[in-house]
Amino acid sequence: MALKMPKARLAEPSGVVTTVNADSYDKATRPGTLLCIDNRCDARLKHVRRHLQGHSKVQAHFARNPNAVHARDCKFDVAATVTRISDRSKRFEPDRDPIDVGPDGTAVFRLNIVFEALANLGRTTVADDAGDRDRESVETIAGDRTLTPYLRRARAVLALLARLGDSDELRSAIRISYGGAVLPWQDFFYGPGELGRLYDRLRVLDGRNKPIHPVAVVVRPKNVLNTVRDAVVNCKSEKLRVESGGDLRIVPRLACRPPALAQSLVDLRPYLVCTIPRPRRGDLNLRPAPGATAFADVYMDVVSRNQFALWPH
Ligand SMILES: [Zn+2]
């Protein structure tokens with residue numbers, strides 16, 4: 001599976017260059033040369049119509065022509081982008097780089113370091129809630145500043161994941177590790193419509209008494225519920241049929257702290273969120289009877305803008 005691009009530039013025979021969408025593009029009525037959407041890049045693309053691959057639907061997209069190569073600074077050149085993200089910065093302490101390039105040249109995205117930074121950020125913002133606003137807000141800014149290089153790096157990876165979607169090219173360029181072990185891609189990444197698979201994964205971890213690891217999951221924020229401590233963004237739920245014969249409605253809820261983060265999330269567009277899910281106690285053991293529906297809330301903490309990216313697919 002090659003890299004799928006939802007948009008392309010079309011150089012028409014008249015010389016006019018326009019942007020075309022994979023969903024609506026028709027080669028017969030729009031002659032010309034398809035080029036990479038990145039202005040700095042002239043890689044030739046081909047159009048792939050929406051089709052079935054086995055049982056799964058493949059959305060219409062543009063893909064690179066077999067011999068085409070992306071420009072070195074093109075944001076769709078996966079290897080170059082990963083190299084750029086992982087280029088070491090002097091601000092990182094030794095062994096604390098969230099992206100580490102291994103001996104085989106594959107970049108490793110070290111989630112434990114990212115989540116350590118997020119946890120510290122969470123603590124500083126929680127302290128902000130406790131009162132004594134002047135002093136605490138200074139602390140928050142200071143904490144934020146120290147952590148920014150770590151989180152920016154994480155944010156760049158998340159944006160890359162969002163831009164490329166689930167592609168083999170991405171998997172061969174970057175590996176995800178947590179607590180020293182490599183996380184299999186399918187355990188880490190949950191695309192649109194995969195909340196059921198995420199729920200199953202959480203149940204497996206719970207059954208084995210294993211701690212929950214971070215995941216990247218596509219959610220669609222719906223509305224905000226304000227509580228004393230944070231703002232909870234309710235996201236679109238998904239229905240899952242379970243063995244007991246009933247239905248489970250899985251509801252992702254983003255607990256945003258500071259609450260202002262919620263404002264940038266609510267507009268029904270899909271977001272890729274990187275977080276550690278917190279299922280509500282008991283919600284992993286629901287057994288709705290046939291015809292009945294039970295609700296399973298999956299809370300996810302969001303303490304930084306660097307934890308989410310728009311999902312453009
Ligand atoms: Zn390109």
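Predicted model: local features only at pLDDT ≥ 70, side-chain atom pairs only at ≥ 80, totals over all residues.
Residues are numbered from 1 along each chain as its sequence is written.

**Whole protein**

Switch to cartoon view. The protein has six helices and 21 strands. Both are DSSP runs, numbered from the N terminus: helices are H or I with at least four residues, strands are E with at least two. The radius of gyration is 21 Å, close to the 20 Å that the globule rule gives for 313 residues, so the protein is as compact as a globular protein of that length. That radius is taken over C-alpha atoms, and the rule is 2.2 Å times the number of residues to the power 0.38. Along the principal axes, the C-alpha atoms fill a box of roughly 65 × 60 × 40 Å.

Now colour by burial. Of the 313 residues, 32% count as buried. Buried means that 20 or more other C-beta atoms lie within 10 Å of the residue's own, with C-beta atoms placed from the backbone.

**Domains**

Colour three ranges: domain 1 (7–75), domain 2 (84–174) and domain 3 (191–310). These bounds come from an automatic or database domain assignment. The centres of domain 1 and domain 3, taken over C-alpha atoms, are 34 Å apart.

**The four-stranded sheet**

Next, select the open sheet with order β12-β13-β18-β21 and mixed pairing. Strands pair if DSSP finds at least two bridges between them. At the edges sit β12 (189–190) and β21 (308–310), each pairing on one side only.

Begin at β12. Two bridges link β12 in parallel to β13 (residues 215–219). Pick Y190: its bridge partner in β13 is V217.

Step across to β18. Five bridges join β13 and β18, which run antiparallel. Here A216 stands opposite C274.

Stay on β18 (residues 271–275) and show side chains. Which residues point which way from β18? Y271, V273 and T275 go one way, L272 and C274 the other, and all are buried. With five of its five residues buried, β18 is largely enclosed by the rest of the structure.

Finish at β21. Three bridges connect β18 and β21, again an antiparallel pair. Zoom in on L272, which stands opposite A309 in β21.

How values were computed. Buried ≥ 20, exposed ≤ 12 C-beta atoms within 10 Å, placed from the backbone.
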